[in-house]
Amino acid sequence: MSKSIIELKHLKKYYDTSRGIEDVSLKIDKGDIYGFIGPNGSGKSTTIRTIMTLINKTSGEIYINGKELEFDDVKVKRSIGYLPSEINLYDDMTTKELLDYHESFYKEDLSKRRKELVKLLKVDENKKVGALSLGNQKKVGLVLALMHEPEILILDEPTSGLDPIMQNTLHDILLKEKEKGTTILYSSHVLNEVSNICDKVGFIKDGIIIKEDLMENIKKENYTYLKIISNEIDKIKKDLKLKVHKELNNEIVFINTLTPKELITKLKDYNIEHLLIEEVPLEDLFINYYK
Amino acid sequence: MIKREFKVNLKSFLIWLTILVLMFLVVYLIYPYMITDETMKEFDEMMKIFPPEVLTAFNMDIASISTVYGWFKTEGFTYVLLIIGLYASILGGSILLKEEDDQTIEYLDSLPIKRSNIVTNKIIVGIIYVLLLNILLFIFNYISLTISGDFNQKEFILLSITPILIALPLLAINLFISTFLRKTKGTIGIGLGIVFIFYVLSVLSEITSKVEFLKYFTIYTLADVRNVIMDVSINPIMILISLGITIIFIIGTYLRYNKKELV
């Protein structure tokens, strides 16, 4: 059995009376990339900030490496690389000064990894952090999160502000980290973004994990889209008894749970101009969870 | 981290130091020309209009302003106490809170450093800057007064220590208050308010014996300037109370900050 590196048990956070998170339970195994998916305001950042002990949980338990997380544990902090969703660094420093400053908190020599990351992410070390674009600040944030080679990476919407080429570079870096055994919590509101790198995904809605599964299972969700163009749409609708995804004039898209054989049997007597069965895009799956 | 703290707070330190030095420099340059027999006579007449309690409140009954040093002990020293008090208050209110206001705390707190160490580093820098402001002002005044003429060295040295007795508690009180806030926006107002309320209470307590008890509610009592001028000594109890208040509020700051929600 693989070892859980991060485990949350019924984590709850309320800000006075307003809900931050209601009930978050999840397990992330060593070396896994866990996609933490949810729309804005669903509780992703609150969960992450609670793990980082930046805010105090209302109730529930957090385990890191099998040990219940204590407040402000420096050993745990040392083992985590963290990239917040909104990056706010010291604007008055040059990137080089900031990286030097960051290095000063660690006993190990981080210069080799720092050089690699600066090169990979094309970070300009000479510019003042405040003069960098949001995307470039994010890149600096990624170097900071990764340069001490942490056992755990917590990335809150890491690709926002990054161009597609840099997003791919980041994903390559993360896959290499995974190979090294790094455990990654990757939060995003875009399911497609994480589908190629995550082992497992958890969907959070209104502060509650509503679904958690392996990415391969999510991709194999047992329904398809069935698009039909016919002048007998109303009759087909009654007969098939399927949920309608979209409808326009004599064109309809069903959420299909029938097998092709069942479909052929049921549709053989209808006058059908066009029929198409297609896979459900991940984003539609995502939207369905949040309906 | 401490190096960065010094750098970040250097600019405001230099501004406050410049204000103080320029203010005294102007007085030292023009004062000798203002003090003539004629102006002193006019001034003595004017002083007679004021009730003795007011003169007492500003120590004008025990020191004459006929010399630069006399001005320094009365009016000048009031400015020193107020300005150093203000600097300590504003610094205390902002030094810790700035990280939250700038939202850099999310980065800083994720580094392998305990929150109490963050507080310690900030407090050390705050105390050093407050002491440094006092020391540099002391050096400047010492040189200027030496050039200007006679002054009581022992009395001057003791007087120059007294702002520390109010500045350290003010730094600590404002640090503590800042742990209840989220933005630095209000801290200047709070810092100014605290200093002026304490100062007004101190003046009132000296003006009339009816409200003398107010001296127990103001940090400015700890400066005890009147006693320093009259006895040429600092009451050790004032030093102990000053340190006591500073330590209590610093402990409070640690306790509060370790429970604070930083984002």
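The legends below describe close-up views of a predicted two-chain model.

Local features in this predicted model need pLDDT of at least 70 and side-chain atom pairs count only at pLDDT 80 or more, while totals for chains, interfaces and linings use all residues. Residues are numbered from 1 along each chain as its sequence is written, and chains are lettered from A, with ligands numbered from 1, in the order in which they are written.

**View 1. Overall content of chain A.** Chain A has eleven helices and 14 strands (DSSP runs numbered from the N terminus, with H or I over at least four residues for helices and E over at least two for strands). Its C-alpha atoms fill a box of roughly 75 × 40 × 40 Å along the principal axes. Of its 291 residues, 35% count as buried (20 or more other C-beta atoms within 10 Å of the residue's own; 12 or fewer is exposed, in between is partly exposed, and C-beta atoms are placed from the backbone). Among chain A contacts between residues at least 6 apart in sequence, 72% join residues at least 24 apart (a contact requires C-beta atoms, placed from the backbone, within 7 Å).

**View 2. The buried face of helix α3 in chain A.** Helix α3(A) spans residues 95-103, and Thr95(A), Leu98(A), Leu99(A) and His102(A) are buried in it. These buried residues fall within an arc of 95 degrees seen down the helix axis, so they line one face of α3(A) (the arc is that of the directions from the axis to the C-beta atoms). An α-helix has 3.6 residues a turn, so residues three or four places apart point the same way. The cover over the buried residues of α3(A) includes α4 (111-120) and α5 (134-146) of chain A.

**View 3. Helix α8 against helix α4 in chain B.** Helices α4 (residues 68-95) and α8 (residues 153-178) of chain B pack at an angle of about 25 degrees, with axes 7 Å apart (axes are lines fitted to C-alpha atoms, for helices over the stretch in contact, and angles run from 0 to 180 degrees between N-to-C directions). α4(B) is therefore roughly parallel to α8(B) (under 35 degrees; over 145 is roughly antiparallel, 65 to 115 roughly perpendicular, and the rest oblique). The contact includes Phe77(B), Leu81(B) and Ile84(B) of α4(B) and Ile166(B), Leu170(B) and Ile173(B) of α8(B). By class, this contact has 16 nonpolar, six polar and one charged residues (Ala, Val, Leu, Ile, Met, Phe, Trp, Tyr, Cys and Pro are nonpolar, Asp, Glu, Lys and Arg charged, and the others, Gly among them, polar).

**View 4. Helix α8 against helix α7 in chain B.** Helix α7(B), residues 115-148, packs with α8(B) at an angle of about 155 degrees, their axes 10 Å apart. The two helices are therefore roughly antiparallel. Among the residues that meet are Ile123(B), Val130(B) and Phe138(B) in α7(B), and Phe156(B), Ile164(B) and Leu168(B) in α8(B). The contact has 13 nonpolar, three polar and no charged residues.

**View 5. Two aspartates with positive phi.** Asp72(A), in the loop between β5 (67-68) and α2 (74-79) of chain A, has a positive phi of about 60 degrees. Asp72(A) is partly exposed, with 16 other C-beta atoms within 10 Å. In chain B, phi of Asp224(B) is near 50 degrees, and this residue lies in the loop between α9 (187-207) and α10 (225-231). Asp224(B) is buried, with 21 other C-beta atoms within 10 Å.
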